[in-house]
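Please read this briefing alongside the sequence and the coordinates. The points are grouped by topic.

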Amino acid sequence: MTVDIDIGHRQDDFELDVRLSAPAGLTALFGPSGSGKTSLVNIIAGLTRPDRGRVVVNGEVLVDTGKSIFQPPYRRRIGYVFQEGRLFPHMTVRQNLLYGRWFSRPGEKAEVERVIDLLGIGDLLERRPGLLSGGEKQRVAIGRALLSNPRAVLMDEPLASLDETRKAEILPYIERLRDQSRVPIVYVSHSVAEVARLATTVAVLAAGRIATVGPTAQVMQSLNLLPAAALAEAGAVLETEVEAHDAAYGLTALRSRAGLFRVPRLNLAIGARVRIRVRARDVIVATSPPRDLSAINMLAGTIAEILPSGGAAADIRIDCSGEIVTARLTRRSVDTLGLKPGQPVHAVVKSVAFDGGSLGAPLRITETELDA
Amino acid sequence: MDWFALTSPEWTAVQLSLKVATIATVASLPFGLLIAYALARGRFWGKTILNGIVHLPLVLPPVVTGFLLLVVFGRKGLVGGFLADHLGIVFSFRWTGAALAAAVMGFPLMVRSIRLSIEAVDRRLEAAASTLGASPTWVFATVTLPLILPGILAGMILTFAKAMGEFGATITFVSNIPGETQTLPSAIYTLTQVPSGDAGAYRLTLIAVVIAMAALVASEWLAQRVGRRIGPE
């Protein structure tokens, strides 16, 4: 189950030249505005005809300009969740959801129930889109795309028009979708927080070209390849598991391969999996185990690499039991401490550096389940 | 009450007008939809000319339109002759000709109304429908058509009202034959030409006003109803 793209397309003064293979899971197309993300998904969907190249989904050729193959969008079976929802205003939520099923071989009825349940939109079915909130509209739009029996799903900044509360409302659904369905998802975003939390693969797009592509944790480390605006948010992405809750101090302990993290209390059951992002600018480096320090997250490791990043800063990649944690320091500090590759160090992170934007995956769990 | 009672020829004129206006509206709808769609969405040579021809009856003196209809659709006209010989359809001096004249005169209003509503449709919704598997025909039937319904209804009502009032082109093309081509306006005109016709003219005028008002109210009501169904977005 993959989406393979190899296309070139010129639009006005902008040139898109992309070669990319999106595997199962969620592939984030990440880059600043105007880097060609939307043009690329429009080409996959068939809304734009590329000047040259091929688009292949699960082995079926949708576009091959060399052989004059161009499947129109309605024959592609590619679900598309648009930034602005684009629900049909003259239909109810139910009619919107079932629209795609008129045209595809209808799957079993349970599928509809499952998607409605997954997205929590059971109470909205008889309403008109005009009366829904932004977050509700986007959930219905996701459901409509899923129920059209798609071979792949495209999401073009589905959260961009929503405020933080609404985003937090939808993110868990997209995570569940990524983990429960087998169709590849191509997700356009310019938000590091969203990408770090959702993506299994990240492709960084800059000026119409792929700057880098790889597993999320790896790409989030390659600071010099990320767009300038994203640098402040970049850093290590670690998979963790909830180990314990500390009710007295309102903290949660998360166990990762790199070590233990204490973060502000998460509403999650013991054993739940959480993806966390450790921003490079939040990491302090100490050459000996620090004492008399307020920060409580300390990870022992060795310096794997020191990368000058231009200007005053340098990125220190620290190998903590196999996981890489990146620290962004001044070059002055690097010289003062005499840091060099192979040296054992301690990476220190303040607990309060973790916030909603850097912690993933809270599923809906009640307080009683937590206490049990 | 006797004053209100329509004489038989007056009643005939009212009935004829309703029939002519209804046929004119319904028969011109498919053409109106097609041309409005072409003008709103199409990119082809001669679009400006087509637009001009459609709007011509709006600006020409009705008598000129009627005369042109006579030339083209008359028994010896290019199209009229062909239709009469091969399909047995005769327009000149028949009620069908009155319907044709009414349709031609109302056509610009219908096309204009539908064209504006097509141009107002969010094409991104149509793109969304196509990604969900709808072919262009289905996109039109399930998305475009329901969204332009208010425009279509408004166009039909305007055409109907125009057809009820059409006088100049009708009388030029098909004359003023009681029971065949004497529509409500023609009947009023005839009544005003005779000394004893005032009462009849008043009665028919009253009916014309009532029908026109009903059409306007109906169009307003339909627009609101459809508007509410589609809801704010």
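**Overview**

Of the 233 residues in chain B, 42% are buried, where buried means under 20% relative accessible area, exposed over 50% and partly exposed in between, with a 1.4 Å probe and protein chains only. For chain A, 53% of its 372 residues count as buried. The model is predicted: local features need pLDDT of at least 70, side-chain atom pairs count only at pLDDT 80 or more, and totals for chains, interfaces and linings use all residues. Residues are numbered from 1 along each chain as its sequence is written, chains are lettered from A and ligands numbered from 1 in the order in which they are written, and side-chain values use heavy atoms, with hydrogens and water left out.

**Secondary structure**

- Chain A contains nine helices and 20 strands; helices (H or I, at least four residues) and strands (E, at least two) are DSSP runs, numbered from the N terminus.
- Chain B has ten helices and zero strands, in the order α-α-α-α-α-α-α-α-α-α from the N terminus.

**Dimensions and contacts**

- Along the principal axes, the C-alpha trace of chain A spans about 65 × 55 × 30 Å, and the C-alpha atoms of chain B fill a box of roughly 70 × 45 × 30 Å.
- Among contacts (heavy atoms within 4.5 Å) with a separation of 6 or more, residues 24 or more positions apart account for 65% in chain A and 72% in chain B.

**Surface and charge**

- Chain A exposes about 16300 Å², with 50% supplied by carbon and sulfur atoms; areas come from the Shrake-Rupley method with a 1.4 Å probe, and for residues only the protein chains shown count as cover.
- For chain B the accessible surface is about 12200 Å², and carbon and sulfur atoms hold 70% of it.
- Chain A carries 46 positive and 41 negative charges, with mean positions 3 Å apart; Lys and Arg count as positive, Asp and Glu as negative, and His and the chain ends are not counted.
- In chain B, the centres of the 16 positive and 11 negative side chains lie 9 Å apart, each charge being placed at NZ of Lys, CZ of Arg, CG of Asp or CD of Glu.

**Confidence**

- The pLDDT (the predictor's confidence in each residue, from 0 to 100) averages 84 in chain A, and 91% of the residues score at least 70.
- Within chain A, mean confidence is highest in helix α2 (residues 93–98), at 94, and lowest in helix α9 (residues 367–371), at 31.
- Residues 361–372 of chain A have pLDDT below 50, and this stretch has 21 contacts in the model beyond near neighbours in sequence.
- Where pLDDT is low, predicted coordinates should not be read in detail.
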